[in-house]
Amino acid sequence: MTGDLASVHASSRDLPQARTQLPFLVRARPYLILLPALLILVGILIPFGMGVYYSLTTYALNRPGSLDNFVGLRNYDRMIHSSGFINSTTITLKYALSATIVELLLGLGIAILLNRDTLLAKILQTTLIFPMMVAPVIGTLIWKLMMQPSVGILNPILNTVGLPSLQWASVPETALFSVVLVDVWMFTPFAALILLAGLRSFPREPFEAARVDGASLWFTFRNLTLPMLTPYIIIVVLFRFMDSLKQFDIIFAMTEGGPGNTLMTYQLTAYRTSIQYLRLAQGLPYAVMLFFAIYITSQYLVKFWGKAQRRAAGYSS
Amino acid sequence: METKVINKRAGRIIADVLMVAYFLFALFPIFWMVLMSLKSTDELFTTQFVFKPTLDNYHAILFGDPRAAAGVVAKQEFPRNFMNSVIISSGSVIVSLIVGVPAAYALARYNFKAKENLAFTFLSFRFAPELVVIIPLSVIYRKLGLYDTYYGIIWVLQLITLPLLIWVLRSYFEDVSPEIEQAAMVDGYPWWRIFFRILLPLVRPGLAAASLLAFVFAWNTFMFPLILGASQVQTVTVSALGYVSSAQAFFNRMAAASVIASFPQMIVALSIQRYLIRGLSFGAVKG
Amino acid sequence: MAKLALEHLTKDFGNVRAVNDVSLEVEDGEFLVILGPSGAGKTTTLKLIAGVERPTSGMIYIGGKPMNAIEPHHRNVAMAFESYALYPHYNVRDNLSFPLKAPGRKFSQQEITRRVEEVAELLNIAPLLDRLPRMLSNGQKQRVALGRAMVREPDVLLLDEPISHLDAKLRHRMRTEFKALEAAIRATTIYVTHDYLEAMSLADRLVVLKEGTIQQSGGPHELFVNPANVFVAQLLGHPQINLVECTLQRTNGALQLVSTDGAIKLEVPERLRGALENAGIDQVIAGIRPQHLGVVDDHRPASNVFTGTVYVYERLGTKGTLTATVGAHRLDVLTSIEESFAIDEPVSLTIDPAQLSLFDAKTHKNILFN
């Protein structure tokens with residue numbers, strides 16, 4: 001045996017030390033193909049970093065030299081103690097929570113209704129996504145038109161069923177309702193589609209076993225349906241909650257943040273202060289704070305999703 | 001026994017009724033928009049569904065309104081806005097493909113320390129409040145001369161199109177067993193041939209669907225062209241607002257513009273039905 | 001055709017060592033079988049040879065040339081994957097001809113067609129040439145995967161469990177066809193399996209792998225008769241070898257092995273006495289193959305005879321398997337089909353001491369090997 005190994009080495013003994021590694025370019029390949037994406041990543045991080053820096057100064061476009069004035073976290077402090085901050089926080093959270101919850105529940109109902117084998121269900125499912133395909137601005141404008149007192153159709157419809165006309169987004173009382181209504185119209189299809197995919201992915205055996213064992217409807221729902229549906233619910237919450245926290249198009253197209261300050265969410269406030277009033281350093285803290293809130297929350301949600309997925313997978317094995 | 005049958009039937013009918021009720025809610029506004037677009041300006045302020053449909057509005061926004069007084073909004077700008085949307089959306093999808101396809105492959109196949117962190121960073125672009133990037137860019141772009149240019153908007157739109165393509169494609173690449181690529185390696189093929197002859201054909205439908213979806217999202221975007229663009233690159237989404245905020249409220253014209261501006265998305269929606277769920281959930285749900 | 005050499009090959013996946021210091025030489029044209037349970041590192045070893053996995057340390061030589069710095073597509077190795085890994089968008093014909101059309105390979109179109117048809121005939125898949133993989137059964141897919149590996153004339157042919165996913169009858173048939181094919185396959189071949197029957201039947205030389213480490217290497221019969229450790233002894237042979245833990249006792253100058261519950265007393269055979277004394281241990285595991293145990297009518301206690309009761313008796317076509325409970329042990333005995341036993345019936349067994357294998361109770365190694 002050893003003799004043979006010697007003969008094997010004979011040819012390589014004449015060569016310089018045998019190379020044990022692939023050529024450098026081959027080993028570097030994974031990193032090289034990531035390079036363009038990394039460049040874009042850096043290209044996005046740079047303005048972001050600059051934005052954070054601006055928020056630590058008194059930068060206003062109409063005041064030359066204001067960029068050089070570094071004031072640390074003063075803008076953030078001012079923001080938190082400003083009169084509009086509480087309103088802004090409240091309205092941002094109210095919008096996000098109500099939209100997400102309604103979309104989740106309504107979406108679940110629609111998913112259950114669509115999870116049947118009928119021809120009607122199949123036809124309707126193909127058109128389900130339409131509201132989401134329309135540009136949010138355009139969708140909002142349609143609803144705004146429908147809510148319009150002179151040409152709009154919503155009030156006449158309400159009147160025909162005996163309900164009084166509404167002033168929709170023109171008054172603070174119904175403004176939030178109006179924009180959330182548009183959000184719900186636009187994004188419930190997303191929730192429905194995801195949850196429908198979830199319902200369809202369920203293995204039949206656990207449910208059949210439960211039925212054979214005589215389990216109640218509630219028991220089945222709580223111990224089978226819900227755990228297996230949880231990863232999908234988390235996906236819906238992840239996308240809808242994060243998106244509606246930063247929703248701009250719908251609110252802007254409807255009222256630009258009004259009436260007055262009723263719908264001035266974080267992004268709307270940042271827009272008005274930084275872009276309209278040109279006071280960049282004053283508006284950016286809203287955007288930056290929103291960013292961190294969303295970043296941290298989404299990290300947790302993604303982790304939860306991983307756990308929920310693994311738990312749900314246990315039911316199908 | 002009979003009650004069960006009746007209940008089943010009643011249940012089915014109620015379910016159908018509820019389903020149709022929702023779909024009326026979902027599709028009515030779109031239907032109403034189309035109706036609006038066919039109304040002549042005289043009949044605009046009536047709420048009748050029976051009227052004489054006219055294509056005047058479409059004509060006006062596409063070719064200009066010969067009867068309009070000077071200063072009426074968006075005479076012949078609509079075709080231009082439409083083209084801008086086409087250019088910007090296609091441009092950003094193409095850039096995202098060139099950058100994202102290799103990145104998605106690297107994330108799917110290779111293992112390195114910062115992999116999940118990197119993947120999550122790309123995902124975070126989608127969830128980040130846009131203004132946190134747009135506000136600084138509004139200053140930077142003006143200095144660099146990128147304000148109101150195609151390149152400028154295409155670049156920022158990567159915030160929207162790139163995460164989608166990377167994550168969805170990554171999930172499609174992961175679906176292909178690595179042993180198929182290994183078999184091709186052993187069969188004598190270098191990596192780039194394997195990529196084009198084996199891998200791409202296998203992910204092609206998913207790739208096409210993801211690109212179309214990204215196209216739709218790029219098309220529907222509003223904030224980026226609003227703040228970082230002006231007259232040169234105005235898209236249909238920004239110009240849509242223009243119809244309503246002008247002195248004369250040409251709601252019917254706006255409706256016609258909206259119909260045309262929404263047309264590509266509907267075609268995409270119908271053609272990628274099978275891939276919709278995976279695309280919308282960024283690969284999280286395989287549906 | 002070329003000689004293959006692996007030198008101290010190791011592969012780690014994170015904290016898991018899949019291949020542990022494997023050194024192996026395969027002669028030109030030799031048919032080597034690597035046998036081991038799943039997770040033993042067999043597939044990883046093949047992938048290291050193919051170049052599809054990179055070794056953590058160690059060298060690979062094909063035809064005397066070091067392969068570590070060479071990518072798989074330059075290595076002239078062919079591999080049939082356990083998962084088939086057929087190209088889903090190509091039909092069988094295109095799958096088979098794919099290796100022949102690789103860049104750098106100059107086969108003419110006629111040559112390609114000839115080889116594809118030859119292999120298809122050989123493997124009985126000629127009528128399937130226009131089908132897509134998803135329209136094939138597992139057995140057909142496996143044959144296409146094999147054909148794709150055979151269609152070139154590679155230096156080294158690697159076969160990863162090529163018949164494991166077939167049902168028992170088909171596997172048996174394919175095994176005999178493989179034996180016939182061996183003549184047609186001139187390449188240095190490594191055949192990986194977890195089925196010991198395939199290993200025994202097909203191997204020129206057999207290597208047993210456990211958790212990435214080579215346990216023993218040699219001819220199949222040699223491994224069967226002289227297993228290097230308990231693992232190898234258990235792996236080969238059905239029913240499995242009987243193992244009894246014993247203590248060494250000297251009675252009247254004679255060496256005896258007594259099982260821990262005292263129910264079994266065995267005489268240490270002459271040929272093992274020396275090795276046993278050299279080993280200096282007194283706890284051993286005695287290995288007795290079912291075919292070396294016999295049933296006797298005499299129930300009187302004697303050396304190499306022990307009594308127990310019948311646990312189960314199975315008649316399987318040509319042979320009977322008696323499982324008897326002796327003390328705390330369950331022993332399998334192969335008997336002729338003529339016998340009959342009732343459950344709980346007392347039975348006496350005898351052993352031919354010359355067939356005994358002894359293993360160190362602590363290290364599990366055969367005392368004849370050190």
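# Close-up views of a three-chain predicted model

**Chain B, overview.** Chain B has 287 residues, of which 49% count as buried (20 or more other C-beta atoms within 10 Å of a residue's own; exposed means 12 or fewer, partly exposed lies in between, and C-beta atoms are placed from the backbone). The model is predicted: local features need pLDDT of at least 70, side-chain atom pairs count only at pLDDT 80 or more, and totals for chains, interfaces and linings use all residues. Residues are numbered from 1 along each chain as its sequence is written, while chains are lettered from A and ligands numbered from 1 in the order in which they are written. The secondary structure of chain B comes to 13 helices and 0 strands (DSSP runs numbered from the N terminus, helices being H or I with at least four residues and strands E with at least two). Among contacts in chain B between residues at least 6 apart in sequence, 77% join residues at least 24 apart (a contact means C-beta atoms, placed from the backbone, within 7 Å).

**Confidence of the prediction.** The predictor gives the complex an ipTM of 0.90 and a pTM of 0.88. Chain A has a mean pLDDT of 88, with 94% of its residues at 70 or more (pLDDT is the predictor's confidence in each residue, from 0 to 100). In chain A, residues 1-16 have a pLDDT below 50, and this stretch has 10 contacts in the model beyond near neighbours in sequence. For chain C the average pLDDT is 88, and 99% of the residues score at least 70.

**Crossing of helices H2 and H12 in chain B.** The axes of helix H2 (residues 56-63) and helix H12 (residues 251-271) of chain B come within 9 Å and cross at roughly 75° (axes are lines fitted to C-alpha atoms, for helices over the stretch in contact, and angles run from 0 to 180 degrees between N-to-C directions). H2(B) and H12(B) are therefore roughly perpendicular to each other (65 to 115 degrees; under 35 counts as roughly parallel, over 145 as roughly antiparallel and the rest as oblique). On the H2(B) side the residues are Asn57(B), Tyr58(B), Ala60(B) and Ile61(B), and they meet Asn252(B), Arg253(B), Ala256(B) and Ala257(B) in H12(B). The residues of this contact divide into 5 nonpolar, 2 polar and 1 charged (Ala, Val, Leu, Ile, Met, Phe, Trp, Tyr, Cys and Pro count as nonpolar, Asp, Glu, Lys and Arg as charged, and the others, Gly among them, as polar).

**Contact of chain A with chain B.** This contact takes 67 residues from chain A and 69 residues from chain B. Helix H3 (residues 29-54) of chain A gives the most to the side of chain A that touches chain B, with 13 residues. By class, that side of chain A has 57 nonpolar, 8 polar and 2 charged residues.

**Contact of chain B with chain C.** Here 15 residues of chain B are in contact with 19 residues of chain C. On the side of chain B, the elements that give two or more residues are helix H8 (178-186) and helix H9 (191-220). The largest share, 6 residues, comes from H8(B). The side of chain B that touches chain C has 9 nonpolar, 3 polar and 3 charged residues.

**The largest nonpolar core.** Of the 285 residues in this core, Leu193(A), Ile194(A), Ala287(A), Leu169(B) and Leu158(C) touch the most other members (a nonpolar core is a set of buried Ala, Val, Leu, Ile, Met, Phe, Trp, Tyr and Cys residues joined through C-beta atoms within 7 Å). Helix H10 (residues 172-201) of chain A gives the most to the core, with 17 residues. Leaving aside neighbours within four places in sequence, Leu158(C) is in contact with Leu46(C), Ile49(C), Ala50(C), Val77(C), Ala78(C), Met79(C) and Ile190(C).

**Two cis peptide bonds.** Gly258(A) and Pro259(A) are joined by a cis peptide bond with omega about 0°. Pro259(A) lies in the loop between helix H13 (249-255) and helix H14 (266-276) of chain A. In chain C, the peptide bond from His238(C) to Pro239(C) is cis, with omega near 0°. Pro239(C) is in the loop between helix H8 (230-235) and strand S11 (242-251) of chain C.

**Two residues with positive phi.** Most residues other than glycine have a negative phi. Asp148(B), although not a glycine, has a positive phi of about 60°. Asp148(B) is in the loop between helix H5 (131-144) and helix H6 (150-156) of chain B, and is partly exposed, with 17 other C-beta atoms within 10 Å. Ala85(C), also not a glycine, has a positive phi of about 50°. Ala85(C) lies in the loop between strand S6 (77-80) and helix H2 (92-97) of chain C, and is buried, with 25 other C-beta atoms within 10 Å.

Notes: Two residues are in contact if their C-beta atoms, placed from the backbone, lie within 7 Å.
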